[in-house]
Amino acid sequence: MRVPFILSQFHPLAGGAASRYVTGMGGWTEYGLAWVCFLAAHIVPATPAIRGRLVSALGRRGYLAGFSLLSLALLIWLVRASGSAPYIRLWDAGGFGRWMVNLAMPLAILCGALAVGLSGLMAGFAIWAGAHLVANGDLAHAILFGGMLIFALAGLARSGVPRSFRPTPLRLLLAVALWIALIALHPLIVGVSPLPL
């Protein structure tokens, strides 16, 4: 197995461990299963009857909290599974890709934190997916971030683009805290530092 260019110097599965890991659940099988679970978690609760039962049982806040935690856990699994899938190169963004991601992520976080309503979250998600799509030029990551970009753009089509922002000190502080947390957690979750240097 070859790992993406952007991970080649740092990926914990590089070398012989990688070739062993992609056997069984570690290759396309796990990646496909992660996608199935992620899509099911978003399609099934969207059914009015099932959603209504969940909200009745958990309460609206409990449902939203549970759905958010499940979505985050499945997204982390999906990202990790994409990194362990066999490497099939499509393009090479080189160092430019890493710089672009680092420039795009503050904008994505600010959109999600400062915009009013769901549109800001979808816009931030689209920026995150689009920047990572360019930076990661292998098949597994193209499927991952291309799929997430389509998912986010579909959400934007329903909610509309962000038109109203609320730049309160608390929201700005949370945005900075999230940015720092993402930089710190990126090596633990993905296996590589997101910083371009």
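The structure is a predicted model, in which local features need pLDDT of at least 70 and side-chain atom pairs count only at pLDDT 80 or more, while totals for chains, interfaces and linings use all residues. Residues are numbered from 1 along each chain as its sequence is written, and side-chain values use heavy atoms, with hydrogens and water left out.

## The chain as a whole

The chain contains 8 helices and 0 strands. Helices (H or I, at least four residues) and strands (E, at least two) are DSSP runs, numbered from the N terminus. Read from that terminus, the order of elements is α-α-α-α-α-α-α-α.

Of the 197 residues in the chain, 38% are buried. Here buried means under 20% relative accessible area, exposed means over 50%, and partly exposed lies in between (1.4 Å probe, protein chains only). The accessible surface of the chain is about 11,000 Å², and 73% of this surface belongs to carbon and sulfur atoms. Such areas come from the Shrake-Rupley method with a 1.4 Å probe; for residues, only the protein chains shown count as cover.

A contact means heavy atoms within 4.5 Å. Among the contacts in the chain with a separation of 6 or more, 75% join residues 24 or more positions apart.

Helix H4 has 25 residues, and the distance from its first C-alpha to its last is 36 Å, close to the expected 36 Å at 1.5 Å a residue. The expected span of a helix is 1.5 Å times one less than its number of residues. The buried residues of H4 include Tyr63, Ser71, Leu74, Leu75 and Leu78.

Helix H8 (residues 169-189) has 21 residues and should therefore span 30 Å at 1.5 Å a residue; its end C-alpha atoms lie 29 Å apart, which agrees. H8 has a kink of about 30° at Ile183, shortly before the proline Pro187. The bend at a residue is the angle between axes fitted to the seven residues ending there and the seven starting there. Just after H8, Gly191 takes a positive phi of about 95°.

Ser71 lies in helix H4 (residues 60-84) and counts as buried because its relative accessible area is 14%. A polar atom of the Ser71 side chain lies 2.8 Å from the backbone oxygen of Phe67.

Ala108 belongs to helix H5 (residues 94-114), and its relative accessibility of 6% is why Ala108 counts as buried.

Val134 is placed in helix H6 (residues 118-135) and is partly exposed, because its relative accessible area is 35%. Val134 and Gly146 are 12 residues apart in sequence, and their C-alpha atoms are 9.5 Å apart.

| Residue | Residues in contact (heavy atoms within 4.5 Å) |
|---|---|
| Ser71 | Phe38 and His42 |
| Ala108 | Gly124, Ile127 and Trp128 |
| Ala113 | Arg171 and Ala175 |
| Val134 | Trp91, Ala93, Phe96 and Met100 |

## Aromatic rings

The whole structure holds 7 aromatic pairs. Rings of Phe, Tyr and Trp (its six-membered ring) pair if their centres lie within 6.5 Å; planes under 30 degrees apart count as stacked, over 60 as edge-to-face and the rest as tilted.

Trp35 and Phe38 form an edge-to-face pair, with 6.1 Å from centre to centre and 90° between the planes. Both residues lie in helix H2 (residues 28-43), 3 residues apart, which is about one turn of the helix. Trp35 and Phe38 are both buried.

The pair of Tyr63 and Phe67 is stacked, because the planes of their rings are at 15° and the centres are 6.1 Å apart. Tyr63 and Phe67 are 4 residues apart in helix H4, so about one helical turn separates them. Tyr63 counts as buried because its relative accessibility is 5%, whereas Phe67, at 24%, counts as partly exposed.

One aromatic cluster is formed by Trp35, Phe38, Phe125, Trp128, Phe145 and Phe151.

Definitions and conventions. Polar contact = N/O pair within 3.5 Å; in protein donor to acceptor, adjacent residues only side chain to side chain. Lists of a residue's contacts leave out its neighbours within four places in sequence.
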